[in-house]
Amino acid sequence: MDKETVIQQLCEESLVAVIRGANRDEAGRTIEACIKGGIKFIEVTFTIPGAPVLMTALTEKYAGSDVVIGAGTVLDAATARIAILSGAQFIVSPCLDVETVKLCNRYRIAAMPGIMTVREAVMAMQAGADILKVFPGEIMGPKFVKALQGPLPQARLMPTGGVDLNNVGDWIGAGCVAVGVGGNLTRGAAKGDYEQVAAAARQFGEAVRNAKNSK
């Protein structure tokens, strides 16, 4: 899938599952539950032991489908390259690392660095970032998005951290093109309840759709 299609579909789906886990098995089962619940964009974070192996397995399994596998917690260009070689179709970072964004552009992979200020947002866009990750979302809040879009209406924003069923509508209503959801989506995995994860995925999908339809 080419970069432009990934970005377009992400903006249409507007929901990314941020996956962590104590091991590859737990993370893999969590991912399967999220996909079962209808989520198509999966962010495999590098905090998972053996994350590249998991990415490779997933990209092979879902090749030709509408499931898109990306990498998260990418701190530098070297890690981004490992993720790309493992099949990642988008790269998400908790902060702005210009060399990582440049590498993603070199290989035509969607880059989504984290930002906390207007200055960082401008620097990220100048470097060629495709979507700006508002992080940590629970600290910044939807009001930050509205304020940022005053001087930067062209910025495509995606909050991660603190996104839950009660505030999804606020984030989408503020103008975010998507939301990244982690613990509030996947907490059932910690106790082995993957049906709970799938149910939460369906709830988040419905909440996002309702928020977009009410705009």
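**View 1. Ile7 sits in helix 1.** Helices here are DSSP runs of H or I with at least four residues, and strands are E runs of at least two, numbered from the N terminus. This is a predicted model, in which local features need pLDDT of at least 70 and side-chain atom pairs count only at pLDDT 80 or more, while totals for chains, interfaces and linings use all residues. Residues are numbered from 1 along each chain as its sequence is written, and side-chain values use heavy atoms, with hydrogens and water left out. Because its relative accessible area is 7%, Ile7 is buried (buried means under 20%, exposed over 50% and partly exposed in between, with a 1.4 Å probe and protein chains only). Leaving aside residues up to four places away in sequence, Ile7 touches Ala110, Asp130 and Arg156 (contact means heavy atoms within 4.5 Å). Ile7 and Asp130 are 123 residues apart along the chain, yet 7.7 Å separates their C-alpha atoms.

**View 2. Asp2 lies in the segment before helix 1.** Asp2 counts as partly exposed because its relative accessibility is 42%. Follow the chain for 108 residues from Asp2 and you reach Ala110, with 9.2 Å between the two C-alpha atoms.

**View 3. The largest nonpolar core holds 66 residues.** Such a core is a set of buried Ala, Val, Leu, Ile, Met, Phe, Trp, Tyr and Cys residues joined through side-chain atoms within 4.5 Å. Ile42, Val44, Ile91 and Leu185 have the most contacts inside this core. Helix 11 (residues 194-213) supplies its largest share, nine residues. Among the residues that Ile42 touches, not counting those up to four places away in sequence, are Ala17, Ile31, Val68 and Phe90. Another core, of 14 residues, lies apart from the largest one and includes Leu10 and Met112.

**View 4. Helix 11 has 20 residues.** From first C-alpha to last it reaches 29 Å, close to the 28 Å expected at 1.5 Å a residue (the expected span is 1.5 Å times one less than the number of residues). Its buried residues include Tyr194, Val197, Phe204 and Val208. Among the elements covering the buried residues of helix 11 are helix 1, strand 1 (15-19) and helix 9 (168-174).
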